[in-house]
Amino acid sequence: MEEPLVPLVPMSHTAHIRSHRKPRRNASSLAMRAGVAGGVLSTLAVAGASGAANAAESTTQTLELPTLTADLATQVAQSADATQQAAANYELQAERDAAAAKAAKQAKADLAEAKKKAEAKKKAEAARKAAAAQAASRSSERTTLSASTSSNVSAPASGSVATVIAFLKAQVGDAYVMGGTGPNAWDCSGLVQAAFKQVGVDLPRVSQDQSTAGTPVSLSNVQVGDILYWGSAGSAYHVGVYIGNGQYLDAANPSKGVVIQDLSGYPATGAVRVL
């Protein structure tokens with residue numbers, strides 16, 4: 001039997017050198033190396049995919065962040081505007097409430113003032129009517145006195161003193177005015193002169209001369225119708241007429257006007273009698 005032929009494989013010219021020989025690789029070693037290589041590649045692929053995914057995700061977040069931030073800023077701005085508008089509305093309402101309260105207070109004050117003025121006007125009208133009625137009454141009394149004394153003006157009669165006193169009492173309440181001679185305002189000597197003129201006695205105009213116009217009498221003997229004076233005779237500063245019961249009537253001063261007073265409260269200095 002012939003031996004099989006072994007094919008000859010040409011060898012490298014460096015094959016005889018051990019270090020230049022290529023090591024033989026068996027199948028298991030190749031398979032292991034292929035598996036390792038595949039695992040490494042798989043790991044790299046997974047890592048690459050994960051990195052890509054992470055990179056994509058980071059890119060997405062980075063791109064979306066400005067949008068979210070802009071929306072939030074818009075919302076904050078809108079909220080601030082709404083808050084500011086609400087504050088402005090509250091302030092406006094407060095101003096309106098304050099204005100309404102002030103107007104109500106002013107209206108109340110105006111109403112009170114109007115009532116006060118109306119009441120004052122009412123009182124003034126009542127006083128005017130009362131004064132008019134009093135003046136009419138005095139005018140009637142003066143007319144009556146004039147009629148009753150017209151027959152004996154030239155010569156005083158027994159009723160002359162009563163006529164003088166009646167005239168004087170009719171002037172009570174008239175005003176005192178310096179230099180006044182009637183018919184509704186008098187000074188002291190003007191009233192005395194007008195009273196005695198009712199019975200035809202012409203007295204001097206001023207108190208100094210009236211204090212010496214008649215017969216001097218002592219105060220202890222004074223009678224109704226006697227002229228009282230204050231100050232020295234001939235230089236008296238005030239006059240009045242004694243009306244009895246310790247009283248006298250005079251045009252006292254601007255605050256009192258024509259009044260009846262007690263002689264004890266303001267004693268006279270002297271007296272003269274002309275009737």
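1. Start with the β6–β7 hairpin: three residues sit between the two strands. In this predicted model, β6 pairs with β7 (residues 257–262) in the antiparallel sense, over six bridges.

2. How enclosed is β6 (residues 247–253)? Five of its seven residues are buried, so the strand is largely enclosed by the rest of the structure.

3. Now H238, which belongs to strand β5 (residues 238–244). Is H238 buried or exposed? Its relative accessible area is 7%, and since buried means under 20%, H238 counts as buried. The side chain of H238 makes a polar contact with the D250 side chain at 2.7 Å. Leaving aside residues up to four places away in sequence, H238 touches C188, S207, L228, Y229, W230, D250, A251 and A252.

4. A word on confidence. The chain averages a pLDDT of 76, with 64% of the residues at 70 or above. Residues 43–47 fall below 50, and that stretch has zero contacts in the model beyond near neighbours in sequence. Residues 141–158 also stay under 50, but here the model has 20 contacts beyond four places in sequence.

How values were computed. Residues numbered from 1 in each chain as written. Predicted model: local features only at pLDDT ≥ 70, side-chain atom pairs only at ≥ 80, totals over all residues. Heavy atoms only, no water. Helix = DSSP H or I, 4+ residues; strand = E, 2+ residues; numbered from the N terminus. Buried < 20%, exposed > 50% of the residue type's maximum accessible area, 1.4 Å probe, protein only. Polar contact = N/O pair within 3.5 Å; in protein donor to acceptor, adjacent residues only side chain to side chain. Contact = heavy atoms within 4.5 Å. pLDDT = per-residue confidence, 0-100. Pairing = 2+ DSSP bridges.
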